[in-house]
Amino acid sequence: MSEHVNGTAPPALSFELYPPRDQRAVPGVLETVGALADARPDYVAVTYNGTPERREATLDLVGHLAAATRLRPLAHLTCVGETRGSLALLVERLIALGVRGVLALRGDLPTDRATSRGDLPFARHLIELIRDVESRHSAALCGGRLAVGVAAYPQRHPESPSFEHDVEVLLAKERSGADFAITQVYFGEGDYGHLLQAARAAGVTIPIVPGLIAFDSVRRLVRLSELAGIAPDAGLAHRLEDAGDEAARRRIGIDHAVRLANTAIADGAPGIHLYTFNDHRGPLGVVDRLGLTGRFADPAPGYGRLSAAPA
Ligand code: FAD
């Protein structure tokens, strides 16, 4: 997709993966990575899980994307349960892996009071810590910065007293140094526009990218809604239940995500972020229907001409 002549960039495209649960899941994740690369996403996000085994799997996948593919990783990082020191080390490891974008999150709180919540109470404090580590590595970053993203909520975060409070929290995250935001999953066609308007009215200026899912199963719809603390879309659930087979369910999920994406783009979304659950078929179906491609790994004119001079 070419640059628009009026100066506005076409919508960006990004995907989200989670690290393989175990060694058996690795080939499937690598296949998905390869398939997603064909859509030339502007970046690929990797979710973070702080348990020791999953943490290493996260860093392995991020490192793989940075070192062995043409894709740009965006590493998620959560501060819950971590000390300032462990987080600083993690940010340093990410910089050393070649990561230049981090999604700064708090993570979900442990359900029992006995488990430590860590040194940093909110995502805002993690942004400040990332900026601090960044300042100590500015030479390695050529004097530049990491892109720091945050979560935004079209529907009230479950711990939050109100939607308006979430917008204030988003503004606080921008003031602490966030560069952009990606939204939680949502179901209503007006939800993204409502958040964008409220955020702009409150003084939030950073890009807010809608996070979308092509749901192809009722089980996932219910589970994800539970995790996000929102009510699952009853109409979508019924359509998925009534579908005759997997292909029909996938079409329903793609239709739903395409509708939300088109509305969000019309409302001013600067890009589309597709949660994949490590299955490329639904997300690539959405991309195809939207006629959207990212711009990363576009072979530059003359790419391939550069070669070492013969001895
Ligand atoms: P915060 O912005 O810190 O907010 C957490 C809660 O505290 C909110 O209710 C907020 O209103 C409230 N709050 C914030 N500041 C204050 C304050 N000063 N005073 C009072 N209340 C305050 N989880 C993972 O474990 N791994 C992931 O990779 C991951 N990726 C995600 C990606 C996206 C795009 C999204 C939307 C969520 C993701 N999550 C992930 C889930 C996320 O960690 C949870 O939603 C978590 O409960 C909140 O994280 P946060 O960064 O929004 O926290």
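An oxygen atom of the ligand sits 2.7 Å from an N or O atom in the side chain of Asp108. That is a polar contact, a pair of N or O atoms within 3.5 Å; inside the protein, one atom must be able to donate a hydrogen and the other to accept it, and residues adjacent in sequence count only if both atoms are side-chain atoms.

Before going on, a word on the numbers: this is a predicted model, in which local features need pLDDT of at least 70 and side-chain atom pairs count only at pLDDT 80 or more, while totals for chains, interfaces and linings use all residues. Residues are numbered from 1 along each chain as its sequence is written, and side-chain values use heavy atoms, with hydrogens and water left out.

## Around the ligand

| Residue | Protein atom | Ligand atom | Distance |
|---|---|---|---|
| Asp108 | side-chain N or O | oxygen | 2.7 Å |
| Tyr48 | backbone N or O | nitrogen | 2.8 Å |
| His157 | polar side-chain atom | oxygen | 2.9 Å |

Taken alone, the ligand exposes 980 Å², and the protein buries 83% of that. Accessible areas come from the Shrake-Rupley method with a 1.4 Å probe, and for residues only the protein chains shown count as cover.

Which residues come nearest to the ligand? Of the 25 residues around the ligand, they are His76, Asp108, Ala123, Tyr153 and Lys173. A residue counts as near when one of its heavy atoms lies within 4 Å of the molecule.

By class, this shell has ten nonpolar, nine polar and six charged residues. Nonpolar covers Ala, Val, Leu, Ile, Met, Phe, Trp, Tyr, Cys and Pro; charged covers Asp, Glu, Lys and Arg; the others, Gly among them, are polar.

At least two shell residues each come from β3 (73–78), β4 (101–105), α4 (123–136), α5 (163–175) and β6 (180–183). The largest share, four residues, belongs to α5. These elements are DSSP runs numbered from the N terminus, with helices (H or I) of at least four residues and strands (E) of at least two.

## An aromatic pair

The structure holds two aromatic pairs. Rings of Phe, Tyr and Trp (its six-membered ring) pair if their centres lie within 6.5 Å; planes under 30 degrees apart are stacked, over 60 edge-to-face, and the rest tilted. One of the pairs joins Phe187 and Phe215, and it is tilted because the ring centres are 5.9 Å apart and the planes stand at 40 degrees. Phe187 lies in the loop between β6 and α6 (191–202) and Phe215 in the loop between β8 (211–212) and α7 (218–228), so the pair ties together parts that are 28 residues apart in sequence.

Buried means under 20% relative accessible area, exposed over 50%, and partly exposed in between (1.4 Å probe, protein chains only).

## Cysteines and backbone details

A search of the whole structure finds zero disulfides, a disulfide being a pair of cysteine sulfur atoms within 2.5 Å. Cys79 is buried at 0% relative accessibility, whereas Cys142 is exposed at 75%.

Arg40, in the loop between α1 (26–37) and β2 (43–46), has a positive phi near 50 degrees without being a glycine. Arg40 is partly exposed, at 21% relative accessible area. Asn278, also not a glycine, has a positive phi of about 60 degrees; Asn278 lies in the loop between β9 (271–275) and α10 (281–290) and is buried at 14%.
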